[in-house]
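Dear colleague,

I am handing over to you the structure shown below. My notes on what was found in it follow directly after.

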Amino acid sequence: MKLTEAIKLLKGKPGTKVTISIYRPSSENTFDVTITRAVIHIKSVKNVSVNEDKIGYIRITQFGAETSTLLAKALNDLDRKGAEALVLDLRNNPGGLLDSAVEVSSLFLPKGKLVVFTEGRDKIQKQEFFSGNGRKHSEYPMAILVNGGSASAAEIVSGCLQDYERAILIGEKTFGKGSVQTVVQLPDYSAIRLTTAKYYTPSKKIIHNHGIEPNIKIEISNEIAVKLAIQRSRPKEMKLPEGEEVIEDVQLKRAFEAIKECKIMNSDRINKYREIVKKYEIKDPKIEEK
């Protein structure tokens, strides 16, 4: 059965039921589960927490219409809990709305800062997007986690905050998706979609097909990355399947280590960032699965 055929069987009117069969290779067990169909509302801001070093952690899974509002609430919650620094996790974030990326960046920048701009062959295709009003969270040190699954709006945010030295980027090079496409109608009423412009960071780094390079590069194998993604998606109270062990998230660990060293007076933050990057960027070996 093709994936599209399976989806047709699974989808249906909310409130109705569908029965699926699940096979678990580990136990060679097959069993049925009946699910009630419903409209699923995806929460894009997750895993809000503060550790013993007063470093906050937030994961953004995508950039939707409500992401900036949810993030602002999460940041306020961290403030009430005494957070003095932040790790923002954008790994495997495929992007989303441009407006959302600008609004999220605005939470960490003064008003009127260039967040991203587009540029094409025609001058009319140049557009600039600036940070707006709202409560700012620009006082404390910040690290952003990225990898090859961080794309589009996630690259706009990480590239912007890296350019202004507002945050240290840790992990792997991002995907490299930053093109503006225009649908052009043809005389026979068909149409063609053309790439007419590309997105650039404030320092004019091109995103498309290049990606954003992290300040501190920490590579992990694809197998470990998949296991970590599954591990992050599980509720804390959920028990691990039999025979499965918790995998250490080395990228997150390094982010906490680096940002812990940056918890100093705000006036020294940028110089401290540079010290941390210089300390770690050359010494990070490629981390393979043990």
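The side chains of T196 and T182 are joined by a polar contact of 2.9 Å. Please bear in mind throughout that this is a predicted model. T196 belongs to strand β11, which covers residues 191–200. Leaving aside residues up to four places away in sequence, T196 touches G120, R121, Q125, V180, Q181 and T182.

A search of the whole structure finds one aromatic pair. The pair consists of F117 and Y200, and it is stacked, with 5.3 Å from centre to centre and 15° between the planes. Distant parts of the chain are linked in this way: F117 lies in strand β6 (residues 114–120) and Y200 in strand β11, 83 residues apart.

Helix α2 spans residues 67–80 and helix α3 spans residues 98–106; they pack at an angle of about 20°, and their axes are 8 Å apart. Because angles under 35 degrees count as roughly parallel, α2 is described as roughly parallel to α3. The crossing in which α2 passes α3 is right-handed. On the side of α2, the contact is made by T67, S68 and L71, and on the side of α3 by S100, E103 and V104. By class, the residues of this contact comprise two nonpolar, three polar and one charged.

Helix α3 also packs against helix α4, which runs over residues 153–163. Here the angle is about 30°, and the axes lie 9 Å apart. This angle therefore makes α3 roughly parallel to α4. The crossing of these two helices is right-handed. L98, A101, V104 and S105 of α3 make the contact with A153, I156, V157, C160 and L161 of α4. Eight residues of the contact of α3 with α4 are nonpolar and one is polar, while none is charged.

With kind regards

Note on methods:
Residues are numbered from 1 along each chain as its sequence is written. This is a predicted model: local features need pLDDT of at least 70, side-chain atom pairs count only at pLDDT 80 or more; totals for chains, interfaces and linings use all residues. Side-chain values use heavy atoms; hydrogens and water are left out. Helices (H or I, at least four residues) and strands (E, at least two) are DSSP runs, numbered from the N terminus. A polar contact is a pair of N or O atoms within 3.5 Å; within protein, one must be able to donate a hydrogen and the other to accept it, and residues adjacent in sequence count only if both atoms are side-chain atoms. Contact means heavy atoms within 4.5 Å. Axes are lines fitted to C-alpha atoms, for helices over the stretch in contact, and angles run from 0 to 180 degrees between N-to-C directions. Angles under 35 degrees count as roughly parallel, over 145 as roughly antiparallel, 65 to 115 as roughly perpendicular and the rest as oblique. A crossing is left-handed if the near helix is turned anticlockwise from the far one by less than a right angle, and right-handed if clockwise. Ala, Val, Leu, Ile, Met, Phe, Trp, Tyr, Cys and Pro count as nonpolar, Asp, Glu, Lys and Arg as charged, and the others, Gly among them, as polar. Rings of Phe, Tyr and Trp (its six-membered ring) pair if their centres lie within 6.5 Å; planes under 30 degrees apart count as stacked, over 60 as edge-to-face and the rest as tilted.
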